[in-house]
Amino acid sequence: MALKTLGAKTAAALDQELMSTCAFSIDQLMELAGLSVSQAVYRVHPLNKGRRVLVACGPGNNGGDGLVAARHLFYYGYQPTIFYPKRSKNELYQRLAKQLEDLEVPFVDDFQSAVDSTDHIVDAVFGFNFSGDIREPFPKVIQALEETKVPVTSVDAPSSWDIESGPPKSGVGSAFMPATLVSLTAPKPLVKFFRGRHFVGGRFVSPSIAKKYDFEVPEYPGVDQIVEVPITSEKL
């Protein structure tokens, strides 16, 4: 089943509506997003492929999703490690980090060394709102993601990619192609440039909201928070 994609303005408007008329809090949406990501990792990288998972977190909501995913992965039996170089002062993110610290999940400063000693990577650095230049210390992080042979799962968007035009034409990020992409709520136009396993995690959108924004909510099997779908280039 091919799904329509949500462009930048539509995706931003949908996020705002979810947190206003739909009465979701950002905590709830982040928890659901992180849960979806953790289930996708479990699907593509089961425990018998290696328990070590490195989660690279940016300073915004995408990084928050990664922190939540790491907590769930811990309880699944993985051994997560967190790279979180620009910690937010926002209370929500501080609480998410504290939850991981209480589980004695390690936070590391040397990303390349962590890449060299992990079995899977979760890219939760930049989401669909990313634009402009990649600021320090993330250029080297993106470069490491480009060059590693370790499989990478990206959250909502491969970091450094533009929501509409996909990977940069040149420079850092131009050769980055994660093995897996988890689109949150609905796919974004960048999926037409993606070549890998594609999942959607959005099992909380009401039929009325899906109808209003003219996109289809896929059928989620059983208790799964994700569904694997083919990529598509049809944009709203």
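**View 1. Helix α2 and its buried residues.** The buried residues of α2 are L29, M30, A33, G34, S36, V37, S38, Q39, A40, V41 and V44; buried means under 20% relative accessible area, exposed over 50%, and partly exposed in between, with a 1.4 Å probe and protein chains only. The model is predicted: local features need pLDDT of at least 70, side-chain atom pairs count only at pLDDT 80 or more, and totals for chains, interfaces and linings use all residues. Residues are numbered from 1 along each chain as its sequence is written, and side-chain values use heavy atoms, with hydrogens and water left out. Helices (H or I, at least four residues) and strands (E, at least two) are DSSP runs numbered from the N terminus. Helix α2 has 19 residues and spans 27 Å from its first C-alpha to its last, close to the 27 Å expected at 1.5 Å a residue; the expected span is 1.5 Å times one less than the number of residues. An α-helix has 3.6 residues a turn, so residues three or four places apart point the same way.

**View 2. The largest nonpolar core.** This core has 30 residues, and those with the most contacts inside it are V37, V55, L67, I82 and V122. A nonpolar core is a set of buried Ala, Val, Leu, Ile, Met, Phe, Trp, Tyr and Cys residues joined through side-chain atoms within 4.5 Å. At least two residues of the core come from each of α2, β1 (52-57), α3, α4 (91-102), β4 (120-124) and β6 (180-184). Helix α2 gives the most, with six residues. Setting aside residues up to four places away in sequence, V55 touches G66, A70, T81, I82, F83 and V122, where contact means heavy atoms within 4.5 Å. Another core, of 24 residues, lies apart from this one and includes A144, W161, F176 and L190.

**View 3. Salt bridge between E31 and R71.** The closest N and O atoms of E31 and R71 are 2.9 Å apart; a salt bridge is a side-chain nitrogen of Lys or Arg within 4 Å of a carboxyl oxygen of Asp or Glu. The pair links distant parts of the chain, with E31 in helix α2 (residues 26-44) and R71 in helix α3 (residues 61-76), 40 residues apart. E31 is partly exposed, at 27% relative accessible area, whereas R71 is buried at 14%.

**View 4. Further salt bridges.** A search of the whole structure finds 11 salt bridges. D224 forms one with R43, the closest N and O atoms being 3.0 Å apart. D224 is in the loop between α7 (207-212) and β8 (227-228), and R43 is in helix α2, 181 residues apart. Relative accessibility is 22% for D224, which counts as partly exposed, and 34% for R43, also partly exposed. The side chains of E228 and R197 meet in a salt bridge at 2.9 Å, N to O. These two residues lie in strand β8 and strand β7 (residues 197-201) respectively, 31 residues apart. E228 is partly exposed at 38%, and R197 is partly exposed at 35%. A network of salt bridges links D27, E91 and R95.

**View 5. Aromatic pairs.** Six aromatic pairs are found in a search of the whole structure. Rings of Phe, Tyr and Trp (its six-membered ring) pair if their centres lie within 6.5 Å; planes under 30 degrees apart count as stacked, over 60 as edge-to-face and the rest as tilted. Y42 and Y78 form an edge-to-face pair, 6.4 Å centre to centre with 85° between the planes. Y42 is in helix α2 and Y78 in the loop between α3 and β2 (79-83), 36 residues apart. Y42 is partly exposed at 44% relative accessibility, whereas Y78 is buried at 2%. F83 and F111 form a tilted pair, 5.0 Å centre to centre with 55° between the planes. F83 belongs to strand β2 and F111 to helix α5 (residues 111-115), 28 residues apart. Both F83 and F111 are buried. Ring pairs also link Y42, Y76 and Y78 into a cluster.

**View 6. Surroundings of F74.** F74 is found in helix α3 and is partly exposed, with a relative accessible area of 29%. Leaving aside neighbours within four places in sequence, F74 is in contact with P80, L103 and V105.
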